[in-house]
Amino acid sequence: MNTAEKYMNRCLELARLGAGDVAPNPMVGCVIVHRGKIIGEGYHEKCGESHAEVNAVNSVKNKELLKSSTLYVSLEPCAHFGRTPPCSDLIIEHEIPEVVVGSIDPFAKVAGKGIEKMQKAGINVTVGVLDKECLWLNRRFFTFHQKKRPYLVLKWAQTLDGFLDIDRSQIAFGQPTWISNELSRRQVHKQRSEEAAILVGTNTALKDNPTLTVREWSGNQPKRLLLDRKNRLSEKLFLKDQKVPTIVFTEENVESKQNLQFVKIDFQSNILPQILHWLHENEIQSVIIEGGLHLLQSFIDQNLWDEAHVYYGNTFFVKGVQAPTLPVSPVKTENMHDTMLKFFENPG
């Protein structure tokens, strides 16, 4: 690992501290180095607040040192006025002579403009240090802007013999069938806190009566997304308790309430592009799909997924509801006591 990679790794460590708090903005970390010593650090802490570069510059006690320092940042400094002034202007103002950038920002208002502005001001700019790692960190942000849809994470638990659920009669509705262990459930809640929204279908809402909240982890609550074509789901379900912002996709004309928004879509047509378009328009950058077999398989069949987290519980159902099938092999496996978590990535 060379010097630039060492400091860029530190930028990535700092950037991850903003997970769950900065969307729809990207996670960004910044380090300022003077003669081999870090004199300033910062990261984007919260959407609408100061960017990483601002926080790093503000942390430097002797600002005169900036004129002979190198600034490392995991994502191209912005060149436009948004909620905050352009970071490229700040770098130019402080006469920082060298800037090392991890990856170029795909956001249309930036997209190379920050680098161009700094170069025109005489700053020596290096681009592409740990580019792959920087792109992966902000895969949600990049997908949102490049594909014009949220980043999609499929999630389910299945038995060793490949079942999602037992064959349940209506008497057994209201309680989920647990397959994975307690440790994996905490992991699920941690993941929920880092994503913008979570989607389930009508049958999952009926059978499991889930809350879809972060109960076993400390973090942000994702928006709850629900399919209810005929608006037939009971108001007594947790998903309609109005405690957490919830969006219901339906074909009926239903008046919205506080924390319970009804969005009309055409169920006679393919609903997934309609839902994803609405989510993109409303800046919902990432979604976990925790539905049943039909909903999950619909996303897989239409190749509308980016990664999948599948929990394999140490149990057998022998018969029941089959788990979905993915067309790829797992890229990583994590042992969680008697549950195995496998990660899949969409290569497309």
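1. The open sheet here has nine strands in the order β11-β10-β9-β8-β12-β6-β13-β16-β15, and its pairing is mixed. Strands are DSSP E runs of at least two residues and helices are H or I runs of at least four, numbered from the N terminus; two strands pair if DSSP finds at least two bridges between them. At the edges sit β11 (260-264) and β15 (332-336), each pairing on one side only. On average, neighbouring strands are turned by 20 degrees against each other, direction ignored.

2. Bear in mind that this is a predicted model: local features need pLDDT of at least 70, side-chain atom pairs count only at pLDDT 80 or more, and totals for chains, interfaces and linings use all residues. Numbering runs from 1 along each chain as its sequence is written, and side-chain values use heavy atoms, with hydrogens and water left out.

3. Now for β8 (residues 197-200). Ala197 and Leu199 on one side and Ile198 and Val200 on the other are all buried, meaning under 20% relative accessible area with a 1.4 Å probe, protein chains only.

4. As for partners, β8 pairs in the parallel sense with β9 (residues 223-227) over four bridges, with Ile198 opposite Arg224. Three bridges join β8 to β12 (residues 286-289), also parallel, and there Leu199 stands opposite Ile289.

5. Helix α10 (residues 293-301) packs on the sheet and touches β6, β8, β9 and β12, contact being heavy atoms within 4.5 Å. The α10 direction makes about 135 degrees with that of β6; axes are lines fitted to C-alpha atoms, for helices over the stretch in contact, and angles run from 0 to 180 degrees between N-to-C directions.

Technical notes: Buried < 20%, exposed > 50% of the residue type's maximum accessible area, 1.4 Å probe, protein only.
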